Amino acid sequence: MAGALLAPLSGTPLERLVQVAMERGYTAQGEMFSVTDMGRLAQEALGCQAEVLYGGLGAPNRDHVLQHLVTGHPLLIPYDEDFNHEPCQRKGHKAHWAVSAGVLLGVQGVPSLGYEEDPELPGLFHPAPGTPRPPPSLPEEGSPGAVYLLAKQGKSWHYQLWDYEQVRDSNLQLTDFSPSRAADGREYVVPVGGVQAGLCGQALLLRPQDSGR
């Protein structure tokens, strides 16, 4: 999913990613309960830079995450998945991965250079391709309805707009291993310290190998 965003013409097949993860001992069934291991897998299989983010998606990391997305790079986020793929809070029992490919910002004003208004949706502006542009002003944290992630659950075909604070809150409460998984008789790779140590308050920022920070 993220590989196709980093290199659209040479996306790495999912089967290859799972194969490498199993060979390295990161997974047994395709599960990934460690952001650190996911970063190592991305670096090896996708040939990209991978920055593990600690401390959640809120302050002081929020602006760093948003600028990363505005630049056009993908973000991998562990979160609890609801029945409609959107974020929920189940203490990690429904932990899945999402990829964010962009961000929708509610701003007071659009910079005059480097942005184009959508021809079908007045008031919606896109970065103009190939044009130098100043970064947009970021809405203050806590502003209602001001920031949405363009995201999807890892195996879903469809992107959705998710409220940034809902994603933040879901990511921050990943603490427990699912009781149903614990009782299903299958083996899983869980890091020392459990789901909380491996996923809670963490995310993965991916960049092409030749990209600056």
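Predicted model: local features only at pLDDT ≥ 70, side-chain atom pairs only at ≥ 80, totals over all residues.
Trainee: Turning to helices, which residues of α2 are buried, and why do they count as being on the same side of the helix?

Mentor: Burial is read from relative accessible area, with under 20% as the cut-off. In helix α2, which covers residues 14–23, the buried residues are Leu-17, Val-20 and Ala-21. They span an arc of only 100 degrees around the axis, so they lie on the same side of α2.

Trainee: Against which element do the buried residues of α2 pack, and what follows the helix?

Mentor: The buried residues of α2 pack against α3, residues 35–46, while Gly-25, with a positive phi near 80 degrees, follows α2.

Trainee: How many residues of strand β9 are buried, and which strands are joined to β9 by bridges?

Mentor: Strand β9, residues 203–208, is mostly covered, since five of its six residues are buried. Strand β1, residues 48–53, runs antiparallel to β9 and is joined to it by six bridges, with Cys-48 standing opposite Pro-208 of β9. Strand β2, residues 75–81, is also antiparallel to β9, with two bridges between them, and there Leu-75 has Leu-205 of β9 as its bridge partner.

Terms used
Residues numbered from 1 in each chain as written. Heavy atoms only, no water. Buried < 20%, exposed > 50% of the residue type's maximum accessible area, 1.4 Å probe, protein only. Helix = DSSP H or I, 4+ residues; strand = E, 2+ residues; numbered from the N terminus. Arc of directions from axis to C-beta. Contact = heavy atoms within 4.5 Å. Pairing = 2+ DSSP bridges.
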